[in-house]
Amino acid sequence: MLGLKSKRTALLASVCMLPVLLASKASAQFDPKRHSHSVERNIASEDWGPKGQRISAIEVHGNDRIEASTVLSYMVVRTGDPFNQDDLDRSLKTLYATGLFKDVTLHRSGDVLQVQVVENPIVNRIVFEGNHAAKDEDLRKVISLRPRAVFSSETTMADRQKILEVYAQKARYGADVTPQIIRLAHNRVDVVFQITEGPQTLIKKISFVGNKFFSEAQLASVVSSKETAWYRFFSSSDEYNPERLRYDAELLRRFYLANGFVDFEMINATGEMSPDRKSFYVTFTIKEGPRYRLGKLDIRSSLRHVPALSLRKYIELFPNQWYDGNAVQHNATDMEETLQAEGHPFAVVRPSIARNPEKHVVNLLFDVSEGPRMYVERLDINGNTITQDGVIRRQLPMTEGDPYTPMYKKYAKQALQDLGYFKSVSIDQSQGSAPDKVNVSANVVEKPTGEFSLGGGYSTDVGIIGNMGLKQHNLLGTGVDAGLSGTMAYYERQADLSITDPFFLNRNLVAGADIFYINNRYQTYQNYSEGRYGITLRMGYSYTNHLSQSWNYTLTRRHIGGSWSETSWYILDQAGTSTLSQIGTTLMYDTRDRRMLPHKGYVIRAGGDFAGAGGDEKYVRGKFDAAYYLPLDDLMGNHDWTVEFKAGTGYLADWGNGRHDVIDNFYLGGSNLRGFLDGGAGPRSVGQTSQTYFPGQAIHSQEDLLGGRFIYTGSATVNFPMPFASGMGIRGRGFVDTGSLAGVRVKHLYTNPATDGYKYTAISGDTLTPRVSAGAGFSWQSPFGLLNIDCGIPIIRSRNDRTQLLRFGFGQQF
């Protein structure tokens with residue numbers, strides 16, 4: 001019998017455990033060229049009989065799990081083919097390439113071709129040992145080996161590398177992974193990945209080469225990677241990550257481009273491991289180039305009926321300012337959106353620049369033209385298993401037959417993401433039935449929208465807080481938001497049941513209702529308690545993207561009680577139960593770039609309340625407030641600096657014969673005047689002791705905060721990144737607050753000793769003289785919750801004003 005057998009060495013030895021097998025990165029893999037040489041040498045030395053003699057049968061031996069027909073299907077030669085050296089060579093290599101066998105032998109017996117195989121074992125289970133920084137389930141996701149799959153040394157080595165990559169992402173570049181193979185009965189194996197994680201390889205030093213205009217400290221505040229420090233125990237910014245390094249290079253490019261360095265070049269961004277493999281040294285090599293200012297600003301328009309001169313009012317930039325690439329693009333985008341909103345749906349604005357290196361000036365041209373006309377032929381919604389199609393369609397800025405622009409695609413994606421109903425959102429487009437038609441598909445992946453929350457914390461206003469809530473933000477897929485919440489604090493108890501339909505009657509109309517119960521015990525700084533329960537009906541709508549209006553109606557039953565013997569007569573007059581029936585409205589114009597932590601823009605609110613459509617209260621209250629956010633990017637070279645200006649005023653006027661309850665008045669202090677207690681500035685009763693009318697018996701009258709009719713407030717706040725702590729989510733602020741409150745509003749005045757007798761109670765603080773405070777504070781978005789601390793020092797105050805040096809709040813839902 002003549003035989004042909006490869007010289008490939010078996011990868012698995014017949015032992016119970018091979019701890020070093022596959023440990024080397026140079027572990028043998030199947031190499032077609034190597035096997036080709038081996039087979040060719042053996043075929044050349046064998047006599048396969050007379051040329052042209054054919055194979056009468058092919059027999060397969062040694063197979064246990066794999067059917068003989070499966071083995072034959074992989075072979076090139078078939079029964080009836082001649083004994084051809086090339087075909088046999090190719091058959092052998094094909095069988096090896098399947099990964100099913102660790103050894104294959106071909107024999108000829110007469111005119112019968114015998115195939116002897118040794119099957120690779122089956123994976124029984126996969127075990128990870130020594131891993132703590134990475135969970136088993138996270139490692140299983142990245143590897144290819146699976147239980148009951150065919151074991152392959154090549155796959156095992158590839159999985160080893162994938163595990164190392166997982167640890168590299170966790171900044172553990174010194175990790176070592178050793179695959180161990182445990183042989184079991186019935187040709188099965190357990191694969192054990194023995195992992196030595198080693199310490200984290202953190203960034204010890206970040207250096208910048210080539211910077212002249214900005215210091216290393218300024219550039220270090222731009223990049224997201226940070227040098228390791230003891231206080232970064234909650235942050236991963238000091239972990240070396242090549243992906244983050246590339247992101248940092250882009251941050252530097254944007255930073256320089258936003259500060260006038262049009263010719264900036266990022267030469268390279270490298271990370272080098274220290275010889276002891278315990279830390280990384282990161283180096284950014286840059287070429288700043290000259291700094292450019294804006295020169296001539298011009299507009300060219302080829303849009304019908306839109307002359308360039310009429311568009312100059314949309315230019316938000318001005319000559320001689322430092323060139324800012326971000327500002328230029330934002331200006332072009334704003335101009336494009338404005339034109340599309342004004343009836344030019346296909347308007348396109350392209351900014352172009354012309355450098356003058358000698359004068360270090362950039363001339364800017366906004367080229368306004370009409371882009372290709374495209375219309376939506378079909379709009380499909382895919383992937384929504386819970387949310388109704390209509391809920392998604394009403395958020396999209398277009399429907400079938402509407403003009404289609406890339407801007408609409410961006411807005412559509414953002415609108416669906418803002419719903420908060422989906423894990424992922426993508427907007428795809430494809431060619432329609434004609435060149436000017438496009439099919440748009442919104443692809444979404446649903447996520448749970450129910451929420452159960454428990455919370456706790458502490459607030460200066462109400463003490464220790466505990467809260468619980470149950471919410472559903474997409475009730476039965478209709479987009480309706482419903483929730484039940486409760487708060488229990490040392491000085492406050494509250495429960496609220498709410499429901500809101502953001503698209504009431506399928507219109508641009510938000511409608512909702514709240515049923516509430518509140519019980520406040522003010523004994524910490526007032527001498528009474530207040531309880532209320534009732535219902536509020538809400539409705540709102542938008543006129544434009546910036547202008548909106550809301551309405552509400554509140555019917556409340558209130559109770560004043562829990563008074564002490566020292567409570568002032570002004571509060572005792574109001575003890576008992578009353579009913580408030582109030583209609584209110586607010587008109588808001590909002591251009592802020594974001595609602596949370598705005599960086600630029602402004603918001604203006606004007607509103608009023610009318611009480612007296614039933615109930616015991618009869619008054620009209622007007623309110624106005626505004627806020628303006630000024631970025632300090634150009635001045636500070638950092639996008640985390642913002643100046644915030646706020647101002648507000650309000651007036652309450654009575655009509656008819658209402659109760660004049662002090663709980664409806666304006667109050668000054670606390671959140672609207674830091675450095676003063678809540679309600680601590682403004683009219684108050686003056687505490688005193690008198691024996692004038694009852695000799696031998698002292699009458700005590702304590703101080704109570706009464707609020708007022710007219711209020712005004714103003715505030716200037718600078719928000720800034722905290723040095724060495726911005727990576728931990730800490731932001732600092734410095735502030736100056738001012739305001740005043742006046743206009744006593746009570747049922748009766750007891751300010752005349754001659755007529756009021758023992759009820760005489762003087763009132764202090766009823767003046768429009770401004771109070772002023774200044775201070776600083778910080779916010780920390782910690783892993784345990786949002787912590788706010790403000791330290792305010794009164795600079796100008798009125799006699800008997802109540803102050804509060806430190807004000808803080810902390811809480812978290814989990």
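Modeller: Happy to! The largest nonpolar core holds 22 residues, and those with the most contacts inside it are Leu-317, Met-335, Leu-339, Phe-366 and Val-368. Such a core is a set of buried Ala, Val, Leu, Ile, Met, Phe, Trp, Tyr and Cys residues joined through side-chain atoms within 4.5 Å, with buried meaning under 20% relative accessible area (1.4 Å probe, protein chains only). Two or more residues each come from strand E12 (293-301), helix H9 (325-341), strand E13 (347-356) and strand E14 (361-370); these are DSSP runs numbered from the N terminus, at least four residues for helices (H or I) and at least two for strands (E).

A word on the model: it is predicted, so local features need pLDDT of at least 70 and side-chain atom pairs count only at pLDDT 80 or more, while totals for chains, interfaces and linings use all residues. Residues are numbered from 1 along each chain as its sequence is written, and side-chain values use heavy atoms, leaving out hydrogens and water.

Back to Leu-317: leaving aside neighbours within four places in sequence, Leu-317 is in contact (heavy atoms within 4.5 Å) with Leu-294, Leu-297, Ala-327, Val-328, Asn-331, Leu-364 and Phe-366.

Helix H9 also meets helix H11 (residues 406-419): their axes, lines fitted to C-alpha atoms over the stretch in contact, come within 11 Å and cross at roughly 100 degrees. Because 65 to 115 degrees counts as roughly perpendicular, H9 is roughly perpendicular to H11. Thr-333, Glu-336, Glu-337 and Gln-340 of H9 make this contact with Met-407, Tyr-408, Lys-410 and Tyr-411 of H11.

Note on methods:
Buried < 20%, exposed > 50% of the residue type's maximum accessible area, 1.4 Å probe, protein only. Axes fitted to C-alpha atoms, helices over the stretch in contact; angles between N-to-C directions. Parallel < 35°, antiparallel > 145°, perpendicular 65-115°, else oblique.
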